[in-house]
Amino acid sequence: MEDVIEKVRRLPEDRQAYVAEVLEQIVANDGDLFAVPEEHRAAVLEGLEQAERGEFATDQEMAALWKKCGL
């Protein structure tokens, strides 16, 4: 656990915040396994299939997404 925490501490702040959010969700569920909501499952599987085919978003598409999200 301590090794993982040290690795997380070396991540950029935004990634650390994401890890903290996921951990909060796990703790909020009394430590039960985190389950991907069914409505997100199809999107996750589609994304994995796209990655296997080498289909990734361009830098411009990612920049537009970050801007849309206020980041």
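**Salt bridges and their setting**

Mentor: There are two salt bridges in the structure, a salt bridge being a side-chain nitrogen of Lys or Arg within 4 Å of a carboxyl oxygen of Asp or Glu. Keep in mind that this is a predicted model, where local features need pLDDT of at least 70 and side-chain atom pairs count only at pLDDT 80 or more, while totals for chains, interfaces and linings use all residues. Residues are numbered from 1 along each chain as its sequence is written, and side-chain values use heavy atoms, with hydrogens and water left out.

Start with Glu 6, which pairs with Arg 10 at 3.8 Å between the closest N and O atoms. Glu 6 has 35% relative accessibility, so it goes down as partly exposed, whereas Arg 10 reaches 61% and counts as exposed. (Buried is under 20% relative accessible area, exposed is over 50%, and partly exposed lies in between, using a 1.4 Å probe and protein chains only.)

The other pair is Arg 53 with Glu 55, whose closest N and O atoms sit 2.9 Å apart. Here Glu 55 is partly exposed because its relative accessibility is 42%. Helix α3 itself covers residues 38–52, and its 15 residues reach 22 Å from first C-alpha to last, close to the expected 21 Å; the expected span is 1.5 Å times one less than the number of residues.

Zooming out, you've got four helices and zero strands, where helices (H or I, at least four residues) and strands (E, at least two) are DSSP runs numbered from the N terminus. The radius of gyration is 15 Å, well over the 11 Å the globule rule gives for 71 residues, so the chain is more spread out than a compact globule. That radius is taken over C-alpha atoms, and the rule is 2.2 Å times the number of residues to the power 0.38.

As for charge overall, the chain carries 8 positive and 17 negative side chains, with the centres of the two sets 5 Å apart. Lys and Arg count as positive, Asp and Glu as negative, and His and the chain ends are not counted; each charge is placed at NZ of Lys, CZ of Arg, CG of Asp or CD of Glu.
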